[in-house]
Each structure stands twice: as structure tokens, then as C-alpha cells.
Amino acid sequence: MRDWLRSALNAGYERVLRREVDGAPAHVAVIQDGNRRYARQRGEDATQGYQSGAQTTEQVLDWCAELGVEELTLYAFSTENFERPEEQQQHLFDLLEEKLTEFADADRVHDQRVRIRAIGDTDRLPERVQDAVEYAESRTAGYDGFALNVALAYGGRAELLGAARGVAEAVADGDLAPEDVDLEDIESRLHTSPVQDVDLIIRTGGDERTSNFLPWHANGSEAAVFFCTPYWPEFSKVDFLRAVRTYESREASWRRTRAERALALVRALGSEVSEARRVLDRFKSTLPEPPEDVEADGQSAD
């Protein structure tokens with residue numbers, strides 16, 4: 001009875017949230033945290049937590065398609081993950097290989113024209129994972145219906161450092177002048193190029209930090225951030241809708257702020273223009289009258 005009541009309340013809340021959500025962010029980035037803690041809580045091995053988390057990932061893809069999200073980036077394996085025990089790493093590599101291949105062959109991926117792409121220093125990954133990445137990318141390379149980015153061996157600072165080194169090398173080789181370096185020169189050297197700016201970052205598991213994730217595309221665009229306590233395997237559609245609602249509230253607030261700033265600027269400029277006109281009028285009154293043989297345009301009448 002209790003489970004039935006909880007399910008009914010959850011379904012009702014989901015309907016309420018769905019009515020409150022109008023539209024969707026174009027690009028959602030997710031830090032899938034809490035897989036191991038979820039497994040420990042249930043007395044299971046960490047590998048079971050990752051398997052359960054993979055099922056949540058598939059559901060999120062469906063929710064994105066339903067709301068009209070254009071791009072999803074998943075933080076699947078960070079550079080810090082290389083510090084984990086070898087056994088855990090190997091299991092993650094096995095799971096990544098399996099899921100990348102499975103997604104590349106899935107009918108819904110091809111029906112929805114999903115383009116799969118790995119972002120990060122993928123050369124650091126085992127050869128079997130690199131092969132799975134190549135397989136998934138090649139099978140979906142021509143699709144433009146939805147972009148699925150899988151961050152593998154990814155770290156934001158390392159990405160920015162690599163881009164800076166690339167620019168420095170181009171300058172040293174004489175291919176690029178220092179004064180000509182612009183945003184495009186940086187972006188073209190990022191692992192994440194081409195990725196559109198992030199609108200919403202979601203992090204599960206209770207930690208309130210973005211963990212070196214997409215600093216160029218998220219911080220620069222002032223992305224909304226939604227932190228929630230459920231572990232990734234427990235992340236539900238209600239949580240996802242709440243995250244989207246947070247984004248919409250953030251956007252509405254930001255639009256109001258921009259409008260208020262624009263209005264304040266117009267008022268300030270209007271005040272400055274009025275003052276400038278008064279000064280000019282006073283200045284004109286001190287000027288001598290032009291000679292009679294000089295026309296109004298300053299040219300001689302002769």
C-alpha cells in the first residue's frame with residue numbers, strides 16, 4: 001500500500017512539473033555521481049552500481065527526446081578516474097565498451113538520428129574502448145537529429161591547458177600572430193569542439209560542485225546548475241523535470257536582469273546626452289558670430 005501511494009504521488013508530481021515546464025534547454029550536461037555509494041547502500045558490489053547507472057542513462061536519453069533537448073553530454077570517465085583501483089577501472093572500461101557498441105547498434109539511435117561522439121583525451125583509454133568509440137562515432141557520423149557526447153578521460157583544466165599549448169605552438173611556428181588569437185583559435189583546439197554552450201548542468205549524489213566539467217562551455221555561458229541528492233541509479237524523471245524547471249527559472253531571472261541593466265543603461269545614457277546638450281548649448285553661446293561672407297557650411301561665399 002505504501003509503495004502504491006508513493007508511486008501515485010510521484011506520478012502526480014511529475015504531471016504537475018510537466019505542465020510547469022515550457023520548452024527545454026538546448027544542451028544538458030550531466031555528472032553521474034553516486035553509483036558506488038548506491039551499490040554500497042544496497043550491500044552490492046560497485047560494479048552493480050555502474051550497471052544500474054547505465055540503465056538510468058538510457059532513460060535520460062528518452063526524457064531528452066521527449067522535451068526537445070538537442071544535445072546531451074555525459075561525464076562518463078574523468079581523468080581523476082585513472083586513480084581508482086585497477087579492478088574498478090577495468091570494469092568501467094568493460095561497461096563503456098559494451099554500452100558504446102550497444103548504443104551504436106540500437107534501432108532508436110538510428111531512428112532518432114543520434115550522433116555519438118567521445119570528448120576527452122581518448123588516447124589514454126585501452127585499445128578496446130578506443131575501438132568501441134571509433135565504431136560508435138563512425139556508425140552515427142552522418143546524423144544530425146540529436147548529439148550525444150560521452151566525456152571519456154576528460155578533465156576541464158587539462159583541456160584548457162592543451163588548447164593553450166596548441167595556440168602557443170602555432171605562435172612559435174609563425175602560423176598565428178599573438179594579437180590575432182581569438183575565441184575561435186581556442187575553441188578549435190578543445191577536445192569538446194564542436195560542442196555548443198551548456199545551458200544546464202545536473203549533478204546527482206549530493207555533492208555541490210561541477211568537478212572540472214566543461215569549464216569553457218558552461219562557465220562562459222553562465223549555465224544553470226542543478227544539484228540533487230539521489231544517487232545516479234535513483235535519478236528519476238521528476239528529478240530531471242525539476243532540473244529543467246531550475247534552468248527555466250534561471251533563464252527568466254537572467255532575462256529580467258539583462259532587461260533591467262539595459263533600461264538602466266538607456267536611462268544613464270539619456271541623462272548623459274541631456275547634460276551634453278546643455279553643455280553644448282552653453283558653449284555655443286560663447287562662440288563669435290561667423291563673418292558675413294562665410295556660409296553656414298564654413299565655405300567662403302566667393
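**Close-up views of the annotated site and its pocket**

**View 1. Asn81, a buried residue.** At 11% relative accessibility, Asn81 falls under the 20% limit and therefore counts as buried. The model is predicted. Asn81 sits in the loop that joins strand S2 (71–78) to helix H4 (86–105). Leaving aside residues up to four places away in sequence, Asn81 touches Ala76 and Gln89.

**View 2. Asp33, also annotated.** Asp33 lies in the loop between strand S1 (27–31) and helix H2 (35–41). Its relative accessibility is 17%, so Asp33 counts as buried. Residues up to four places away in sequence are again left out of the contacts. Asp33 then touches Arg203, Thr204, Gly205, Asp207, Tyr231 and Trp232.

View 3. An unreviewed UniProt entry lists Asp33 and Asn81 under "active site". They are spread over 49 residues of sequence, yet they cluster in space, with a largest C-alpha distance of 12.2 Å. Both Asp33 and Asn81 belong to the lining of the largest pocket.

**View 4. The largest pocket.** This pocket has a volume of about 870 Å³. Its lining is made up of 36 residues. Nearest the pocket centre lie Gln32, Asn35, Tyr75, Ala76 and Phe77. One of these, Ala76, is also a contact of Asn81.

**View 5. What builds the pocket lining.** Several elements each supply at least two lining residues: H2, helix H3 (46–67), S2, H4 and strand S4 (146–154). H4 gives the largest share, 6 residues. By residue class, the lining of the largest pocket divides into 16 nonpolar, 9 polar and 11 charged.

**View 6. The chain around the site.** The protein chain holds 10 helices and 6 strands. Of its 302 residues, 37% count as buried. Take the contacts in the chain with a separation of 6 or more: 78% of them join residues 24 or more positions apart. The chain exposes about 17,500 Å². Carbon and sulfur atoms supply 47% of that area.

Key: Residues are numbered from 1 along each chain as its sequence is written. This is a predicted model: local features need pLDDT of at least 70, side-chain atom pairs count only at pLDDT 80 or more; totals for chains, interfaces and linings use all residues. Side-chain values use heavy atoms; hydrogens and water are left out. UniProt positions are given in the numbering used here, feature names are shortened, and annotations may be inferred rather than shown by experiment. On a 1 Å grid over the protein atoms alone, a cavity is a set of points where a 1.4 Å probe fits but cannot get out, and a pocket is an open set with protein on both sides within 12 Å along at least five of seven lines; lining residues have an atom within 4 Å of a point. Helices (H or I, at least four residues) and strands (E, at least two) are DSSP runs, numbered from the N terminus. Buried means under 20% relative accessible area, exposed over 50%, partly exposed in between (1.4 Å probe, protein chains only). Contact means heavy atoms within 4.5 Å. Accessible areas come from the Shrake-Rupley method with a 1.4 Å probe; for residues, only the protein chains shown count as cover. Grid points are joined across faces, edges and corners, and a volume is the space filled by probe spheres set on the points. Ala, Val, Leu, Ile, Met, Phe, Trp, Tyr, Cys and Pro count as nonpolar, Asp, Glu, Lys and Arg as charged, and the others, Gly among them, as polar.
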